[in-house]
Amino acid sequence: MSHPGRPNVSLHPYAGRFDVHRGLPDHGISRDQILGEIAQMSKEEDAKGDSGRVSGSIYSGDHEHYGFLTEAYGHFAHANVLQRDMYPSATKMESEIIAMTAAMLHGDEDTGGLITSGGTESLVTAMLTYREWGRKQRGIEHPQVIMPVTGHPAMNKAFHYFGIELISAPVTDEFVVDLDFVRDHITPNTVALVGTAGTYPHGLIDPITELGEIALEHEIGLHVDGCLGGFILAWAEDCGYHPTPFDLRVAGVTSMSADTHKYGYALKGSSVLLFRPKSLRREQYFIVRGWPGGIYSSPSMGGSRSGGLISATWASMLALGKDGYRTIAADIFATAGKVKDAVRAHPELSLIGDSLFNIAFRADPAGTASADGGPIDIFHVNDSLASNGWRMNGLQNPPALHFCITRPNTQEGIAEAFATDLATAVGYAKEPPQPMPRSGAMYGAGGQVPDIDKLTTGLMNYLDATHEVGPDAP
Ligand SMILES: Cc1ncc(COP(=O)(O)O)c(C=O)c1O
């Protein structure tokens, strides 16, 4: 049995290989050299995602598709779409992206939208919208939003930025929002509820129909976070599955986010935020009338925005079409089924819910005991998987892993290799060589705790360090 070692997660693996730039070079460097360095770094870094052993993160993995999108991007990368008189193409493409997304998620004629830079901006914008709506329509000065604990931290960011009070709803044994809690905690200050369609931790869908009923009863907003799940769950019915209703067909849903840069297979930096009714969108438009620079108006958080991301997103959606999305989704659902079977084969493990695409599993407290008599530690499982090249995401409360299935994971043989390596990992976790697992639950670090033992005071220092120029040599 292999003994997993700490993977190389150095922040500066290029030290000693490429020049370190602490200021502008005195003279411009040749394009060939620059492109050579970029190509080398991207080749090395893409190898991990292309291996098919990474959870989430890389959604398409099709380099021909990326090449096509990059060409589409290149035509408008330099264009600032704030200048609509210069770039009417942005109006065409942006409105069509919104319309196509709204149609996919069954919006009606009173559904409108925005394109944002990603899931976080969509969620932050949605929360701002409800705060503004509450203030203007209801005179609410201390807005509250009820969100399950599984809601994405981008919304916590919004609550922090905008002075919204979070009422944090627990989840049931099925890991979806506890509706009784929600019902019991609505107050005159509640401006909106949040449900997720495809939670980040467990890939599950909150009971959106019931949340919609509560929202309608109290005449408040309901945001469905479909950032992760929107563009994949949309195809589930066509593929013969019956997901919990989650989209704009559900009465009471007043906004929904769906990320084009995830299962929309567009380039990074785009998401769609839909509003119903359309007029809700206006709550967050921003206009300054008396500015010496001219009357300023902007439809969303950003100022200047690149037309390239809009053209690349539009190109991705048109090139795939319904049949393209459906075909990839069917492969993802089938692979997810095999991964679930692999987990079910081990009494030491148990699935958390039954997601169609994002498979969360933990050590089953009732499962076969490890050598020391307790349940196995799921992070020992992760250590072993990592030593075989897998990059799972580590979760907490409860400790668990998830394998969010994307197109690269659908390559032939990947699900079978996972089953084999998972069996090895369970064996490893029963008699681990050291009691403390090396991995843990840290968002964005692939279940691995990065080099923080070399950094002195934890996460703040780590975040600082990711913004500092590295050493000249390793
Ligand atoms: C459910 C959910 N919402 C929102 C986000 C945030 O998206 P982004 O990272 O694009 O800001 C994620 C990211 O994984 C997510 O899974």
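User: How do the residues of the shell around the ligand divide into nonpolar, polar and charged?

Analyst: Ala, Val, Leu, Ile, Met, Phe, Trp, Tyr, Cys and Pro count as nonpolar; Asp, Glu, Lys and Arg are charged; the others, Gly among them, are polar. Here the shell has five nonpolar, six polar and three charged residues. This is a predicted model, where local features need pLDDT of at least 70, side-chain atom pairs need pLDDT 80 or more, and totals for chains, interfaces and linings use all residues. Residues are numbered from 1 along each chain as its sequence is written, and side-chain values use heavy atoms, leaving out hydrogens and water.

User: Which of the 14 residues around the ligand come nearest?

Analyst: A residue is near a molecule if one of its heavy atoms lies within 4 Å of it. Gly 119, Thr 120, Asp 225, His 261 and Lys 262 come nearest.

User: What lies 2.8 Å from an oxygen atom of the ligand?

Analyst: A polar contact is a pair of N or O atoms within 3.5 Å. A side-chain N or O atom of His 261 sits 2.8 Å from a ligand oxygen. Lys 262 also has a side-chain N or O atom 2.8 Å from a ligand oxygen.

User: How many disulfides are there?

Analyst: A disulfide is a covalent bond between the sulfur atoms of two cysteines. The cut-off is a pair of cysteine sulfur atoms within 2.5 Å. The count is zero.

Key. Polar contact = N/O pair within 3.5 Å; in protein donor to acceptor, adjacent residues only side chain to side chain.
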